[in-house]
Amino acid sequence: MQVNDLQVDALVVGGGIAGMQAALDLADQGYHVALVEKEASIGGKMIALSKVFPTLDCCSCITTPKMSAVAHHKNIQLFTYCEVEAVQQNGHGFKAHLKQKPRYVIEEDCTGCRHCEYACPLDLPSAFDMGLGAQRVIRVPFSTAVPQKAVLDMEYCILCGKCEQACPDDCIDFTQTAQDFVIEAGAVVLATGFELTPTDAKAEYGGGKLLNVVDALTVERLLAPTGPYGHVLRASDGKEPESIAYVQCAGSRDKTLGIEYCSRICCMYAIKQAMLLSGALPLADITIYYMDIRTFGKGYEQFYQNARAMGIEFVKGKVARITADDDHNPQVRVELIDDGSRVVEQHHDLVVLSVGMIPSFNPQLIYDVPIAASDGFVATPAANLSPCLTGRPGVFVAGTAAGPMDIVDSIIMAGAAAAETAAYLEEQRQVGTNGRFALPLPARELSYA
Ligand SMILES: Cc1cc2nc3c(=O)[nH]c(=O)nc-3n(C[C@H](O)[C@H](O)[C@H](O)COP(=O)(O)OP(=O)(O)OC[C@H]3O[C@@H](n4cnc5c(N)ncnc54)[C@H](O)[C@@H]3O)c2cc1C
Ligand code: SF4
Ligand code: SF4
């Protein structure tokens, strides 16, 4: 794909739900937007989820129409498999340096027919299914990916040529290389999202080592209608688990990890998954080990009470250690907070770590954007000001790039970021002397936390 330098009104970095919503809101108002996503498809973490709390609506059914709207909007230019490497101020707006990674597939000609994928002889663990299923070396990333274009993983390719022979449109191009290009924009929206606390962050929980200790995103894939097995099975022996435990705050509110904040979503997603698991495995016992249950949103407390009424067991206790017996059954050692700190050991078939959210934003991306010392996410104003201001005029933040939040809050914040971006662009047009990209306004005096 030949990529040319480009001028737009706004550059949105990150194609998760927050970035997509901000891009759509700006584009609907007539602004020209470049939306850049480093993965081969937009959708972010949300497209991998099963159902959403508290409504239990199908996640794919909500996300896919937005992905499609982004791809078809006449005011949005979408770049996938493309990374924003640096953004600088250049006197007239911003100058972003990007790298288009090679798909080894001619994107314009690929129809997403998947003949290449069926012909490829090599399987890898599926990244989209958290390593549970398999994916071919060349593949369309997942069934609802946008764009529906194949991508070839050159690291594992043996250059057998079978995909090239199978492609009816001659799209395979082993000679592609990465291309650097520049986007000039009047404003930037950072929607770079979050990462999960690594599963092995707390060695005493055995994540990444014990086969039947998994993280919550893995369970989302097991529960999703598009999941790898169509059932909830455990990895060690393919057995349906009869006893499942959740360990809350496994990577949040933990001084030993340097992650002292609450990730906000883990209580709610654990309750959601417990409810969905009771539907999928009606005979299974489900226990949630927690220190506090935090149900902060509208209707969330009722959701929690419904889960209790369904028979999900909530045990107030701090999990100290997880080990496994010879059959890979996890054994959880827990200090019961409401029972005089008594320590008990419980066997379960499967343990799910409710891992937290950590920042994915690389502070070097835009060197002047302040990062909050308390959590490492993009710093936002202390009070009484729009939460999507970043301390740098013309640069706004949306969604979990600013800190842990759920989908509803990410969408609200994206709408606010789009409104602030539009207001900023209009301000610039009025004070500017040379049309579209005017000199930025002086920095406002704000206090950021
Ligand atoms: C297990 C689990 C279950 C959950 N369940 C629910 C639920 O039921 N209900 C709910 O409300 N919330 C739920 N959430 C939270 C929800 O996933 C998030 O609130 C939401 O996905 C945040 O969207 P985002 O766009 O901010 O971030 P992300 O989805 O992380 O998107 C950010 C995007 O930016 C891209 N990116 C990053 N850096 C760059 C760069 N330099 N250049 C280009 N692209 C870049 C990333 O690849 C990514 O696609 C759950 C989370 C987890 C982990
Ligand atoms: S050339 Fe590479 S991607 Fe194509 S079929 Fe062979 S192994 Fe798969
Ligand atoms: S066979 Fe060719 S057109 Fe079909 S998905 Fe693969 S690269 Fe695209």
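Trainee: How does the shell around ligand 2 divide by class?
Mentor: This is a predicted model, where local features need pLDDT of at least 70, side-chain atom pairs count only at pLDDT 80 or more, and totals for chains, interfaces and linings use all residues. Residues are numbered from 1 along each chain as its sequence is written, and chains are lettered from A and ligands numbered from 1 in the order in which they are written. Ala, Val, Leu, Ile, Met, Phe, Trp, Tyr, Cys and Pro count as nonpolar, Asp, Glu, Lys and Arg as charged, and the others, Gly among them, as polar. The shell has 11 nonpolar, 1 polar and 1 charged residues.

Trainee: Which residues come nearest to ligand 2?
Mentor: A residue is near if its C-beta atom, placed from the backbone, lies within 6 Å of the molecule. Ligand 2 has 13 residues around it; the nearest are Cys120, Ile138, Cys157, Cys160 and Cys163.

Trainee: Which residues are closest to ligand 3?
Mentor: Its shell holds 9 nonpolar, 3 polar and 2 charged residues. Of the 14 surrounding ligand 3, the closest are Cys110, Cys113, Cys116, Cys167 and Cys171.

Trainee: How many residues of domain 2 are in contact with domain 1?
Mentor: The domain assignment (automatic or from a database) gives domain 1 as 6-101 + 178-193 + 360-431 and domain 2 as 114-175. Contact means C-beta atoms, placed from the backbone, within 7 Å. Domain 1 contributes 13 residues, and domain 2 contributes 8.

Trainee: Where does pLDDT stay under 50?
Mentor: pLDDT is the predictor's confidence in each residue, from 0 to 100. The chain averages 92. pLDDT stays under 50 over residues 433-449.

How values were computed. Two residues are in contact if their C-beta atoms, placed from the backbone, lie within 7 Å.
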